[in-house]
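Please look over the sequence and the model before reading on.

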Number of protein chains: 2
Amino acid sequence: MPMLIEIHDPDDRRIERYRDIRERDLVGRAGLFVAEGKVVVEKLVGSSLHRPLSMLVAAKRLDGLRSLLAQLPEDAPVFVAAQQVLDAIAGFAMHRGILAIGRRSDMPDADALLTRLRGDCDVLVLSGIANHDNMGGIFRNAAAFGAAAVLLDADCCDPLYRKAIRVSVGASLLVPTARLDRGEDVLALLKHHSFEPFSLSPAGTTLLANWRPTRSNAMLLGAEGPGLSPDVLRRTPSLRIAMAAGFDSLNVATTSGIVLHHLTAARE
Amino acid sequence: MPMLIEIHDPDDRRIERYRDIRERDLVGRAGLFVAEGKVVVEKLVGSSLHRPLSMLVAAKRLDGLRSLLAQLPEDAPVFVAAQQVLDAIAGFAMHRGILAIGRRSDMPDADALLTRLRGDCDVLVLSGIANHDNMGGIFRNAAAFGAAAVLLDADCCDPLYRKAIRVSVGASLLVPTARLDRGEDVLALLKHHSFEPFSLSPAGTTLLANWRPTRSNAMLLGAEGPGLSPDVLRRTPSLRIAMAAGFDSLNVATTSGIVLHHLTAARE
C-alpha cells in the first residue's frame with residue numbers, strides 16, 4: 001500500500017502539479033500528463049509504457065479505490081482531500097474524484113517502434129489530426145481492435161493531452177506510439193518494415209468493404225477537410241467508404257473504427 | 001434576397017434570441033433551436049423537416065454567404081453585425097461568424113414515421129443516449145449511410161440541442177426522427193411495420209461481421225455502460241463487434257458507424 005497524505009489546503013505545495021488543471025493544460029507539462037477518473041487511472045497503473053507518479057483522490061472515494069491503490073509503485077504518494085478541497089485544487093468540480101499525474105516515457109522513433117513489432121499486424125498512420133476528441137477516439141478504436149501501433153505526423157496533436165486521454169478511455173496510455181519527423185518519408189519506412197500502406201479517402205478507388213487486407217497493413221488517415229497529401233494519395237492504393245449521396249461526411253475517429261473493424265473481421 | 005438588418009447594439013431587442021447562447025441552451029428554447037456555422041446552416045436551409053426563422057452573420061462574412069442567403073425564405077431576416085458585436089451577443093467568440101435560429105417541426109410519433117417509410121430500409125433505435133456528442137455523432141452516421149429514420153426512447157437527449165446539431169454537421173436537421181413514449185413497446189411497433197429488430201451488445205451472440213442483414217433492419221443501440229434493457233436483449237437477436245482482449249470498449253457513435261457501414265456494404 002502506498003503512503004496516504006491528507007491535504008487540507010488547496011495551496012499545499014505537495015499537490016502543486018494538480019493545481020488549476022485547465023490552465024496548465026495550455027502551457028504544457030514537460031514530460032508529465034494528467035489522467036482522470038477510475039477507469040483511465042487503472043489503465044495508467046497497468047500501462048507498460050508510462051508510469052504513475054502520484055494520485056489525488058476524494059476522501060469519500062478512498063474505500064472504493066483500495067485495490068487500485070495497492071497496485072501503485074511504493075514511491076508514488078496518494079494525496080487525499082475532501083471533495084471541496086479537491087475542486088479548489090483542480091479549479092473545477094472534479095466529479096470523478098480521482099486524478100493521477102503520470103510521467104511519459106520517451107517516445108521511440110517510428111523506425112525503432114516498427115522494428116519491435118512482430119508477426120502480422122496493423123498500424124494506423126495519422127496525418128494532421130489536431131483535434132483532441134478525434135485523437136482520443138482514434139486511440140480508443142486502436143486499442144479496441146488491437147492495432148499494434150499508431151504513428152503520428154508532425155502536425156498531429158498530443159495523444160497524452162488530458163482530454164485526449166479521457167476520450168480514449170486511457171487507450172492512449174496503452175497503444176505504442178511514435179512521432180514522425182517533419183518531411184520523413186513514412187511510405188518508404190513502412191515498406192522497409194514490410195507494411196503495405198493504404199490511404200483512406202472519400203475519393204478512394206476501391207470500396208473498403210470489397211478490399212481484402214494484406215498480412216501487415218498500415219492504414220493512413222488524414223484530418224477531415226484537408227485529408228491526406230496529394231503525394232501520399234498518388235503513391236498508395238486508396239480506399240473509400242461507401243456513403244449516401246448528399247451527405248458524404250464521416251468523422252475521422254468513426255472512420256478509424258470502421259477501418260479497424262474491417263481489418264479485425266478479415267483476420268477472423 | 002431576404003432583408004438585411006444591421007445590428008450595432010448587442011442589447012437590440014430584435015436579436016434577443018441570439019443573446020447569451022450558452023445560458024439559453026440550459027433553459028430550453030420552446031420549439032426553437034440554434035444552428036452554427038456555414039455548413040450546418042446550409043443543412044437547415046435545405047431541410048424539409050425544419051424551418052429557418054432568421055440568421056445572424058458577421059459583416060465580414062456577408063460576401064461569402066450571398067448564395068446561402070438567397071435561399072432563405074423571404075420573411076426570414078438576416079441580422080448583420082461587426083464581429084465584436086456578434087461576440088457580445090452570443091456571449092463567446094463566434095469564430096464561425098454565422099448563426100441561425102430555426103423552428104422545429106412537430107416530431108411525428110414513431111408509428112406515423114414508420115408508416116411513411118417505403119421499401120427496404122434501415123432505422124436506428126436509440127435507448128438512453130444522454131450525451132450530445134454521441135447523439136450528434138450517431139445522426140452524422142445515420143445521414144452518411146442513409147438510415148431512413150432514428151427513433152429515440154424517452155431517456156435520449158435532444159438531437160436539436162445546439163451541440164448535437166453541430167457535432168452532427170447538421171444531420172440531425174435532416175434525418176427523420178421520432179420520440180417513443182416511455183414504456184412504449186418498440187419491438188411490437190417495429191414488427192408491425194415489418195422491421196426486424198437487432199440488438200447491439202458486447203455480449204451479443206452473433207458477430208456483426210458474420211451477420212447478413214434482412215430487408216428492413218432496426219438496429220438497437222444503448223448507452224455505453226448500461227446498454228440495452230434485459231427485456232430487449234431477451235426478445236431480439238443480438239450482435240456483437242469483435243474486439244481485442246482487455247479493451248472491449250467502443251464509443252456508441254463509433255458503434256453506429258460500424259453497424260451502418262455493415263448494412264450499407266451488404267446492400268451493395
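The report covers the symmetry of the chains, then the domains and their contact.

## Chain symmetry

This is a predicted model. Two copies of a chain are related by a rotation about an axis and a shift along it.

## Domains of chain A

Chain A splits into domain 1, residues 4-103, and domain 2, residues 110-267. The C-alpha centres of these two domains of chain A are 31 Å apart. Domain 1 of chain A gives 16 residues to the contact, and domain 2 of chain A gives 12 residues.

## The domain interface

The size of an interface is often given as the accessible area lost when the parts come together. Between domain 1 and domain 2 of chain A, about 1300 Å² is buried. Carbon and sulfur atoms account for 66% of that area.

Polar links are also counted. There are 2 salt bridges between domain 1 and domain 2 of chain A. A:Glu36 pairs with A:Arg162 in a salt bridge, with the closest N and O atoms 2.9 Å apart. Between the two domains of chain A, 3 residue pairs are in polar contact.

## The domain 1 side

Which elements give two or more residues to the side of domain 1 of chain A that touches domain 2 of chain A? They are helix 1 (21-27), strand 2 (32-36) and helix 2 (38-46) of chain A. The residues of this side divide into 9 nonpolar, 2 polar and 5 charged.

Definitions and conventions
Residues numbered from 1 in each chain as written. Chains lettered and ligands numbered in written order. Predicted model: local features only at pLDDT ≥ 70, side-chain atom pairs only at ≥ 80, totals over all residues. Heavy atoms only, no water. Domains from an automatic or database assignment. Contact = heavy atoms within 4.5 Å. Buried area = accessible area lost by both parts, 1.4 Å probe. Salt bridge = Lys/Arg side-chain N within 4 Å of Asp/Glu carboxyl O. Polar contact = N/O pair within 3.5 Å; in protein donor to acceptor, adjacent residues only side chain to side chain. Helix = DSSP H or I, 4+ residues; strand = E, 2+ residues; numbered from the N terminus. Nonpolar A, V, L, I, M, F, W, Y, C, P; charged D, E, K, R; others polar.
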